[in-house]
There are 2 protein chains.
Amino acid sequence: MTDDRFIATYQVTSEPARIAERAQALAIEQSVECPLEAIGDLWVRDAVLGRVAGIDEIAEGRYAVRIALASATAPAEPGQLINMLFGNASIQPDVALTDVELPPLYLKAFGGPKLGSDGIRALAGAHGRALTASALKPQGLSPQSLAAIAGRLAAGGVDLIKDDHGLADQAYSPFAARIAAVWRAVRNSNDSSGRRTLYAPHVSGSLDDMRRQLDGIRAEGIPALMMMPMIVGLSNFHAIAKEAEGLVVLAHPALSGATRIAPPLLLGRLFRLFGADATVFPHHGGRFASTPQTCRALADAARGAWGGLKPCLPAPAGGIAIDRVAELLSFYGEDVMLLIGGSLLAAREQLSEQAARFAAEVAAHGR
Amino acid sequence: MTDDRFIATYQVTSEPARIAERAQALAIEQSVECPLEAIGDLWVRDAVLGRVAGIDEIAEGRYAVRIALASATAPAEPGQLINMLFGNASIQPDVALTDVELPPLYLKAFGGPKLGSDGIRALAGAHGRALTASALKPQGLSPQSLAAIAGRLAAGGVDLIKDDHGLADQAYSPFAARIAAVWRAVRNSNDSSGRRTLYAPHVSGSLDDMRRQLDGIRAEGIPALMMMPMIVGLSNFHAIAKEAEGLVVLAHPALSGATRIAPPLLLGRLFRLFGADATVFPHHGGRFASTPQTCRALADAARGAWGGLKPCLPAPAGGIAIDRVAELLSFYGEDVMLLIGGSLLAAREQLSEQAARFAAEVAAHGR
């Protein structure tokens, strides 16, 4: 593949007689966005106008339409790339974005995860098995109460503890006070256990807000952070991911499901491209509708070979419980981080024991 | 309404027997996000947990579910507000976000448009009639070619010229060179006509990128700018809207249609709340599926009375042509900015004349 074009694949609903015309309209919408008769410049028609590269019927009235879009329209800037891939087409209900083939220039420019799966394993000291993660909830608790939960999860031996994505900079749990208290609890537990449980505070708001929060994370010596790329904006997610070099970058899928972009592409491939070391996504059978096929494709996109990019660790979540550990590990294999939040927390006073059971089940799998 | 809670309305698809349970699950998902048995803190159960405030059947198997969410979970920060409104629920295919009732604290904190419709009219010198707008396209043209188009549109008397939302900082049309060339052409035309055509460059990328671009706009004395709030992130959109005080802020709907958030709420109300002076949206009957009801609700949300917020000017667009001017003005009334892009540009050498016809039709309407 040359650097000139990237190939976007869309699923389009159409009558058979109209699909060729619809595909051409989509190629125009996502490139020049004006009638062909408005284009006088030959170079624009030749080098900039999107080209229909293929139309395949995948079901009755459903087509996979491949469109070759000019890389020149999307310099390596995450917001502009998603804009040229799906900006206007996202408003058209008959279209979903399902895949993109990107030429080497984008992989080189964006760079993907800095640490990747191996980097997370090295920091957490977790090898030869899947990783475990949990979340600090519920919304509304004070820094001290969240720290107490974190301490119990760390004592149980969970590899990574993340803020709930709803935790921001609320009056009842200000960011600075929260991350200090939680990290103190986790560090204390690490000091006595010899383990290296990681903590990922949730970083949010404008790029300015996120940068201030990253400064706080660095100052505390905290080894990880989490962002919601679709709410903070892909460009700002990428900016912070670069600035956070050395820290584990987790991506959270909030507001992503709403977009009609296939989860394997968005949460797997694109979040990885822009710098996620691990990507949180709903596993099937939990609170979110998600098929096994989608989950497998997402995990493959996140951790499979892709140019020289490091693998991004899939982190299935969303209402899974300990009794599904064996099933999930059989499904994903060991190169995964299982994220169990609420159902662990329901153990309350027995949280450490429940977390230890989670860690032990994961460690024992396949032995 | 007190400041304690904001009321989100969702449309939920459900069997009648399960809607009460589904509504309760939604109230949990968008507040504490964990099983109730995981909540030991009484204050969290009382003051933070979302409450189902109403369930109304709106069609067979479709319900309007009203949920009262705690304002304490969403300090006045745009990203966190959308996160608590729809972050995780966006991943659940049976739910759409259709409305929100916000207490006064948010209106006061966010402030809405700085200029509003009247401010745009004052800057453009356009009173007692609808406004006209057009777009610089196609993607791929040089700054000089785009400037030539802008000059012709300004000579024709269009009130506002905006960059196509696909124009970013491409090699063939770098941001700085483009805005300088286009504004020179518009200013020259204004100088000889005595009119005050506005130019809105498209500002994109990370917050850092947008800030640099805003500096360039200020340095050139350009009176307006356009952003894509759903791609740059609502928090960064709001930050730049505040920093751009005195300039017209246009919001573009790219990537918004994909989210299952009702367009009147997102493009009308929320974009206005966070600072849009005008909001671009697809009018029905163009290239985008949009019903007259949705368009009317969107215009009402953008410009109707809402606390002390200034009205945001609705800017219907998306494949409309001059022959629909009368129809659109009858539909929206005069407090609107009609945006005709591609179909004007197709006039090429007769662009000035076509733009003048557009301006004249709008000015003559109802006389």
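A salt bridge is a side-chain nitrogen of Lys or Arg within 4 Å of a carboxyl oxygen of Asp or Glu. The side chains of Asp99(B) and Arg269(B) meet in such a bridge, with an N to O distance of 3.8 Å. Asp99(B) lies in strand β4 (residues 95-101) of chain B and Arg269(B) in helix α11 (residues 263-273) of chain B, so the pair ties together parts that are 170 residues apart in sequence; helices (H or I, at least four residues) and strands (E, at least two) are DSSP runs, numbered from the N terminus.

This is a predicted model, in which local features need pLDDT of at least 70 and side-chain atom pairs count only at pLDDT 80 or more, while totals for chains, interfaces and linings use all residues. Residues are numbered from 1 along each chain as its sequence is written, chains are lettered from A and ligands numbered from 1 in the order in which they are written, and side-chain values use heavy atoms, with hydrogens and water left out.

A search of the whole structure finds 24 salt bridges over all chains. One of them joins Lys137(B) to Glu33(A) at 3.2 Å, N to O; Lys137(B) lies in the loop between β5 (131-136) and α6 (143-156) of chain B and Glu33(A) in the loop between α1 (19-29) and α2 (42-48) of chain A, so the pair joins two chains. Both Lys137(B) and Glu33(A) are buried, where buried means under 20% relative accessible area, exposed over 50%, and partly exposed in between (1.4 Å probe, protein chains only). Asp208(A), Arg211(B) and Glu243(B) are linked in a network of salt bridges.
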